[in-house]
Amino acid sequence: MKLAWQNIVHDRARFSVTVLGVSFAVFLMVFQGSLLVGFLRAASRLIDASDSDLWITARGVQAFEFGTPIEGRVREMAAGVPGVLETSRVCMAFSVYRTPNGKQQVVALVGADRNVGERFPVPDVSGSPEGMSPDAVLYDVSDRDLIQVTAMPAEVEVNRHRARIERVINGYGAFLGVPFLFTSYRNASRFMGVGPEEGMFVLLRVDKGYSTSDVQRSLRQRFPEVEVLTRDEFARKSRSYWTIKTGAGGAILTAAVLGFLIGLVVVSQTIYANTMENIEEYATLKALGASQAFVARIVLTQALICGAVGSILGLLTVVPCIGYAKSLIPWIYTPWWLLLVMVVPSLAMCSLASIASVRSALTVEPGRVFRA
Amino acid sequence: MPNHFLGVEGASVSFGKREAQVRALRGVSQFFERGTLSLVMGPSGSGKTTLLSLLGCLLSPDEGTVFIDGVAVNGLSETEKTVVRQKKISFVFQAFRLFHSLSAIDNVALGFELRDAALPGRMEMARDLLVRFGLGDKLSQEPNELSPGEKQRVAIARALAGNPPILLADEPTASLDAQAGRNICQILRNQVDDDGRTVVVVTHDPRWQEFADHTITLCDGQVEQVEKNL
């Protein structure tokens with residue numbers, strides 16, 4: 001396969017164009033993939049952060065951000081269903097936030113009981129050396145510009161109620177441009193004007209001795225007026241809403257597919273041009289006894305070399321760019337597997353791009369070698 | 001009983017259709033003895049290259065039979081013909097047809113690879129062949145760094161890689177000066193005398209006469225004359 005390698009390095013200009021085409025496609029696919037993964041992750045981030053097995057929501061709730069109240073008795077009665085170990089509550093509503101300097105801003109206010117889960121952002125007073133109050137308000141560091149708090153604790157207003165911002169957290173930044181504020185369930189329900197016994201989301205933990213699906217079935221039979229979903233089901237529903245029903249995911253996916261197609265066209269063109277430039281050599285190879293597989297392997301190897309080099313260049317470029325983009329899009333996320341997985345479509349792209357070239361090389365008449 | 005080692009029997013080949021049809025060969029029967037150097041001469045359009053294409057398994061006749069190493073190859077599939085070329089036949093071209101991105105030694109090593117991909121020591125054998133042809137100091141040169149005579153010697157070395165019994169040459173000296181041309185004639189003659197190869201050379205070049213055993217002259221797609229030279 002020395003011929004394959006030598007052919008492409010011999011024409012460095014064309015090789016560079018091919019590699020740039022592949023790296024551009026890889027860059028776009030990884031960037032769009034990171035947007036999609038980050039978007040999916042952000043769409044269900046708070047659901048995933050809970051330790052609950054089951055979520056009870058009002059009927060028709062499409063996503064965490066659109067919860068509506070359910071009767072308080074649901075929680076009390078659910079607690080009595082065999083297999084339910086513990087219940088907790090979460091509420092969320094878009095609220096008006098007034099900064100210390102009087103500027104107003106819409107925020108997504110989230111309130112939760114402390115036992116929702118270790119990872120769920122709720123003021124934790126236990127073991128708090130600074131003495132955080134049980135009704136403290138938290139916000140994410142990436143929303144600093146929107147929240148406009150310069151020193152803590154800071155007295156602010158949420159829905160015309162006095163609130164005290166005491167802590168900055170990390171990893172729960174604004175999703176769709178609206179910053180989150182986190183506080184206790186009691187505090188949030190007061191800000192939202194919801195009765196303390198009313199709920200929006202009731203979260204249940206199932207006793208280890210019971211099957212989650214059995215408990216879910218039992219709850220569904222007992223409470224037909226609400227929806228009982230496992231945590232994964234609700235997370236999936238929420239992600240599906242934001243990505244499919246709003247069209248946001250489609251837009252991101254379309255850009256990724258466009259990246260693939262642009263790369264495909266660029267690589268096809270350059271590999272085809274390279275093959276046609278060397279078509280006499282393929283005829284010579286066949287006249288000298290090269291098998292069809294040998295000829296196809298040369299063209300394919302050239303395409304894959306371009307794919308591999310282009311992928312590496314694309315990955316080396318996209319990683320720092322995504323790092324920079326995090327300051328503008330806090331929820332963008334590149335899992336390590338995405339980098340590895342994207343090598344597959346880029347190599348597939350190069351293989352696809354070489355189909356026309358392989359065909360030309362295979363169908364060239366070896367008899368043309370005698371034409372001077 | 002003719003020697004059917006290499007040749008054609010009743011071979012006709014036409015190109016084009018209807019009014020534009022050209023009959024390149026018209027029922028030609030011609031055999032080439034094993035271990036000889038034969039010239040195929042004649043004016044342009046007489047069918048020389050078509051005959052060489054038939055002998056090289058690069059073309060199938062409309063009528064007639066082609067024999068390679070004593071076997072009729074007409075009915076063979078393209079894959080089988082590829083194997084015949086791989087094992088039995090090699091070519092030397094007027095335009096050299098070296099692989100432009102490969103060095104001289106890599107060109108010859110590729111010749112070995114095409115005949116036997118599993119053959120060990122290809123580079124050493126390629127080096128030996130090139131040294132034998134006086135190109136020991138040009139091993140790493142790419143074709144565009146070689147003179148026409150050197151290119152043709154590399155092309156012959158590549159053709160000899162894997163030791164094929166038949167060598168078909170199309171105007172191998174047409175692009176060379178007198179000295180380089182004579183050198184190539186001698187190299188191909190040696191292939192017959194030293195290694196018992198069968199060499200068929202299509203040429204217009206009269207210098208070849210003194211190196212050839214036979215001269216076949218074609219005219220209008222038919223054999224006009226067969227002469228014994230040596």
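Visitor: Over how many bridges do strand 1 and strand 4 of chain B pair?
Guide: Strands here are DSSP runs of E with at least two residues, helices are runs of H or I with at least four, and both are numbered from the N terminus. Two strands pair if DSSP finds at least two bridges between them. Strand 1 (residues 6–15) and strand 4 (residues 63–68) of chain B meet in the antiparallel sense, and their pairing runs over 5 bridges.

Visitor: Which pLDDT do local features need in this predicted model?
Guide: Residues are numbered from 1 along each chain as its sequence is written, while chains are lettered from A and ligands numbered from 1 in the order in which they are written. The term pLDDT denotes the predictor's confidence in each residue, from 0 to 100. As this is a predicted model, totals for chains, interfaces and linings use all residues, side-chain atom pairs count only at pLDDT 80 or more, and local features need pLDDT of at least 70.

Visitor: What is the average pLDDT of chain B?
Guide: In chain B, 98% of the residues score at least 70. The average pLDDT of this chain is 91.

Visitor: Which strands stand at the edges of the sheet in chain B?
Guide: The open sheet of chain B has 4 strands in the order 2-1-4-5, with antiparallel pairing. An edge strand has a single partner strand, so one side of it is left without a neighbour in the sheet; this holds for strand 2 (22–32) and strand 5 (71–72).

Visitor: Which helix of chain A gives the most residues to the side that touches chain B?
Guide: Residues are in contact if their C-beta atoms, placed from the backbone, lie within 7 Å. The contact takes 17 residues from chain A and 22 residues from chain B. On the side of chain A, the elements giving two or more residues are helix 1 (2–10) and helix 10 (279–287). With 5 residues, the one that gives the most is helix 1.

Visitor: What is the radius of gyration of chain A?
Guide: Chain A has 14 helices and 9 strands. The radius of gyration is taken over C-alpha atoms, and the globule rule is 2.2 Å times the number of residues to the power 0.38. For 372 residues the rule gives 21 Å; chain A is well over this value and therefore more spread out than a compact globule, with a radius of gyration of 29 Å.

Visitor: How far apart do the C-alpha centres of the two domains of chain A lie?
Guide: The bounds come from an automatic or database domain assignment, which gives domain 1 (2–42 + 248–370) and domain 2 (60–224). The distance between their C-alpha centres is 47 Å.

Notes: Two residues are in contact if their C-beta atoms, placed from the backbone, lie within 7 Å.
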